[in-house]
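Dear colleague,

Please find the structure below, handed over for your records. My findings follow it.

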Amino acid sequence: MRKIIMLITAFLVVSCNTSETKKEEIVENVTKEDKLKELYLKTVKPLFKEFAGVDIPNEFRIDKEDTTVNAGAAMNYVEVSQGLIEYDKDYIKAFVLAHELGHIVTLKQAEQFNLGSEIPNGNKTNAYKKAEYLADIIAVHLITTQEVELGNDLTTNFEVLQNLLGPEIFTHPGAVDRVVLMREYVERSTNKNANTIYQEIIEKIWNME
């Protein structure tokens with residue numbers, strides 16, 4: 001009887017170890033690329049569900065030569081850098097991806113707010129820079145209102161995002177100015193209706209000189 005119990009115990013130990021090994025193999029087989037795709041499809045893309053009539057892409061392309069934290073989006077695909085895949089902070093990955101999708105829905109959002117169908121140039125802020133500000137605010141608003149945990153991580157670590165954003169160029173505002181505007185949205189929306197502040201900030205950017 002004792003031998004039978006020992007055999008059963010040994011079998012159970014082997015089974016548990018085998019099970020754990022299989023779990024480890026499954027985890028190892030889920031690549032960083034797979035995880036980023038899952039973050040995009042299950043978390044980021046659903047943020048944009050309210051934009052009916054806008055095609056949010058499913059296809060994922062990778063620029064393996066680009067080691068920076070970067071991404072781009074078109075109507076039929078999203079392209080991400082190898083650097084974004086390798087980056088270790090999900091809240092930054094979510095922001096980068098949401099920002100790019102923000103470009104796709106910017107004009108739709110502007111039309112919903114009765115702002116027009118073309119981003120206007122200001123005397124100091126051209127339409128390219130306004131487009132970046134707008135995509136930033138769209139991303140921050142959607143993440144903080146729909147994905148609270150990621151939103152908290154993002155808004156309490158804006159300095160991390162600021163260090164990743166580039167300097168001012170013809171098509172992009174500088175990192176400091178971009179984060180200042182995002183902070184304004186977060187601070188104002190803390191005590192007031194987030195949707196109201198969101199619209200006010202969008203209008204502010206749209207009408208920048």
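**Glutamate 184 and its surroundings**

Not counting residues up to four places away in sequence, glutamate 184 touches Ile201 and Lys204. Glutamate 184 belongs to helix H8, which covers residues 175-191. Between glutamate 184 and isoleucine 201 the C-alpha distance is 8.5 Å, and the two are 17 residues apart in sequence. Please note that this is a predicted model, and the values in this message should be read accordingly.

**The chain as a whole**

The secondary structure comprises nine helices and three strands. Their order along the sequence is α-α-β-β-β-α-α-α-α-α-α-α. The chain has 209 residues, of which 42% are buried. Of the contacts between residues at least 6 apart in sequence, 61% join residues at least 24 apart. The chain exposes about 12000 Å², and 52% of that area is supplied by carbon and sulfur atoms.

**Packing of H2 and H4**

Two packed helices are described by the angle between their axes and the distance between the axes. For helix H2 (residues 32-44) and helix H4 (residues 90-112), the axes come within 10 Å and cross at roughly 60°. This crossing of H2 and H4 is right-handed. On the H2 side, the contact is made by Leu36, Leu39, Tyr40 and Val44, while H4 contributes Asp90, Lys93, Ala94, Leu97, Ala98 and Leu101. By class, the residues of this contact of H2 with H4 are eight nonpolar, two charged and no polar.

**Two buried polar side chains**

Glutamine 109 also lies in helix H4. With a relative accessible area of 2%, glutamine 109 falls under the 20% limit and is therefore buried. The side chain of glutamine 109 is joined to that of tyrosine 198 by a polar contact of 2.8 Å. Beyond its neighbours within four places in sequence, glutamine 109 is in contact with Glu50, Phe51 and Tyr198.

Histidine 141 is located in helix H5, residues 127-146. Histidine 141 is buried because its relative accessible area is 4%, which is under 20%. Its side chain makes a polar contact of 2.7 Å with the side chain of tyrosine 185. Once neighbours within four places in sequence are set aside, histidine 141 is in contact with Tyr185, Ala194, Asn195 and Tyr198.

**The strands and the loops between them**

Aspartate 63 lies in strand E1. At 28% relative accessibility, aspartate 63 counts as partly exposed. Leaving aside neighbours within four places in sequence, its contacts are Glu79, Val80, Ser81 and Gln82. From aspartate 63 to leucine 84, 21 residues apart along the chain, the C-alpha atoms are separated by 9.9 Å.

Threonine 68 is found in the loop between strand E1 (60-63) and strand E2 (71-73). Threonine 68 is partly exposed, its relative accessible area being 43%. Apart from neighbours within four places in sequence, threonine 68 is in contact with Ser81, Gly83 and Leu84. Ser81 is therefore listed as a contact of aspartate 63 and of threonine 68.

Asparagine 76 is placed in the loop between E2 and strand E3 (78-81). Its relative accessibility of 47% makes asparagine 76 partly exposed. The C-alpha atoms of asparagine 76 and proline 57 are separated by 4.9 Å, although the two residues are 19 apart along the chain. Setting aside neighbours within four places in sequence, asparagine 76 is in contact with Pro57 and Glu59.

Most residues other than glycine have a negative phi. Asparagine 114 has a phi near 60°, a positive value in a residue other than glycine. Asparagine 114 is found in the loop between H4 and H5. At 70% relative accessibility, which is over 50%, asparagine 114 counts as exposed.

With kind regards

How values were computed:
Residues are numbered from 1 along each chain as its sequence is written. This is a predicted model: local features need pLDDT of at least 70, side-chain atom pairs count only at pLDDT 80 or more; totals for chains, interfaces and linings use all residues. Side-chain values use heavy atoms; hydrogens and water are left out. Helices (H or I, at least four residues) and strands (E, at least two) are DSSP runs, numbered from the N terminus. Buried means under 20% relative accessible area, exposed over 50%, partly exposed in between (1.4 Å probe, protein chains only). A polar contact is a pair of N or O atoms within 3.5 Å; within protein, one must be able to donate a hydrogen and the other to accept it, and residues adjacent in sequence count only if both atoms are side-chain atoms. Contact means heavy atoms within 4.5 Å. Axes are lines fitted to C-alpha atoms, for helices over the stretch in contact, and angles run from 0 to 180 degrees between N-to-C directions. A crossing is left-handed if the near helix is turned anticlockwise from the far one by less than a right angle, and right-handed if clockwise. Ala, Val, Leu, Ile, Met, Phe, Trp, Tyr, Cys and Pro count as nonpolar, Asp, Glu, Lys and Arg as charged, and the others, Gly among them, as polar. Accessible areas come from the Shrake-Rupley method with a 1.4 Å probe; for residues, only the protein chains shown count as cover.
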